[in-house]
Amino acid sequence: MVDPIDEYCVQQLKEYDGKKLMSCTKEGLELEEDEEEKKALEEQKASFEDLLKQVKDVLGDKVEKVVLSNRIINSPCVLVTGQFGWSANMERIMKAQALRDSSMSSYMASKKTLEINPSHSIVKSLKEKIAADKNDKTVKDLTLLLFETALLSSGFSLDDPSSFASRIHRMIKLGLSIDEEEPMPVEMEDLPPLEEVTAESKMEEVD
């Protein structure tokens, strides 16, 4: 259900054939779990506590909370909205309205929750990096990059595409083993030094 009209219909329909309708892009989606799976998730929550706290500190007000999730398979993390606020699709529809009510968007665009996949290799590596050094400079950059990619994959729009692009470019440079401080071009190195203009030379020009 991805058409604009679907968002309005589902808000009024609420349930169908005795079954309550739930959006998988919102928090509160519960999947069936046995006791063993519940216990494993609780153990993971304890071991990932430092990572969750560090990610929340880096993101600040961008997200309401950071939690572990058992519903993600392939992605390292996803962003979900509050149960009674706008979904990502609805937020995009409302932002596209020419005569939208900005006061409504301030309270309907609910805070986002970042759900993290504890079994993903990226998350595991980030956890190890934080355990080794909480003040690692790359942790903040990687966390913001994960958040921004989660924004896009979850259907939101970026507030600052240029900073996202610069982070991607840094990752590309890292992959190509290019130093952050690029050397001066060869053409600039071959240029002779600028001659110093003295007062005498200025007087000769005037004469």
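What share of the contacts in the protein chain with a separation of 6 or more comes from residues 24 or more positions apart? In this predicted model, such residues account for 70% of those contacts. The protein chain has 207 residues, of which 29% count as buried, and its secondary structure comprises 10 helices and five strands.

In soluble globular proteins, nonpolar side chains tend to be buried together. The largest nonpolar core of this model has 25 residues, and Leu79, Leu114 and Ile116 have the most contacts inside it. At least two residues of this core come from each of the following elements: helix H3 (49-59), strand S3 (65-68), strand S4 (77-81), strand S5 (112-116), helix H6 (121-132) and helix H7 (137-153). Helix H7 provides the largest share, namely seven residues.

Leu114 may be considered individually. When residues up to four places away in sequence are not counted, Leu114 touches Val55, Leu59, Val63, Lys65, Val66, Val67, Cys77, Val78, Leu79 and Ala150.

**The open sheet**

Three strands form an open sheet with mixed pairing, in the order S3-S5-S4. S3 and S4 stand at the edges and have a single partner strand each, so one side of each is left without a neighbour in the sheet. From one strand to the next, the twist averages 30 degrees. S4 and S5 run antiparallel and are joined by five bridges. Across from Val78 stands Glu115 in S5.

**A residue of helix H7**

Is Leu145 buried or exposed? This residue, which lies in helix H7, has a relative accessibility of 11%; because buried means under 20%, Leu145 counts as buried. Leaving aside neighbours within four places in sequence, Leu145 is in contact with Phe164, Arg167, Ile168 and Met171. Leu145 and Phe164 are 19 residues apart in sequence, and their C-alpha atoms are 7.0 Å apart in space.

**Charges and aromatic rings**

A pair of aromatic rings is described by the distance of the centres and the angle of the planes. In this model, the count of aromatic pairs comes to zero. Charged side chains do, however, lie over rings: Lys112 has its charged end over the ring of Phe156, and Lys127 lies over the face of Phe48. The table gives the distances.

| Charged residue | Ring | Distance from ring centre |
|---|---|---|
| Lys112 | Phe156 | 4.9 Å |
| Lys127 | Phe48 | 5.3 Å |

Conventions: Residues numbered from 1 in each chain as written. Predicted model: local features only at pLDDT ≥ 70, side-chain atom pairs only at ≥ 80, totals over all residues. Heavy atoms only, no water. Core = buried A, V, L, I, M, F, W, Y, C linked by side-chain atoms within 4.5 Å. Buried < 20%, exposed > 50% of the residue type's maximum accessible area, 1.4 Å probe, protein only. Helix = DSSP H or I, 4+ residues; strand = E, 2+ residues; numbered from the N terminus. Contact = heavy atoms within 4.5 Å. Pairing = 2+ DSSP bridges. Axes fitted to C-alpha atoms, helices over the stretch in contact; angles between N-to-C directions. Phe/Tyr/Trp six-rings, centres within 6.5 Å; stacked < 30°, edge-to-face > 60°. Lys NZ or Arg CZ within 6 Å of the ring centre and 35° of its normal.
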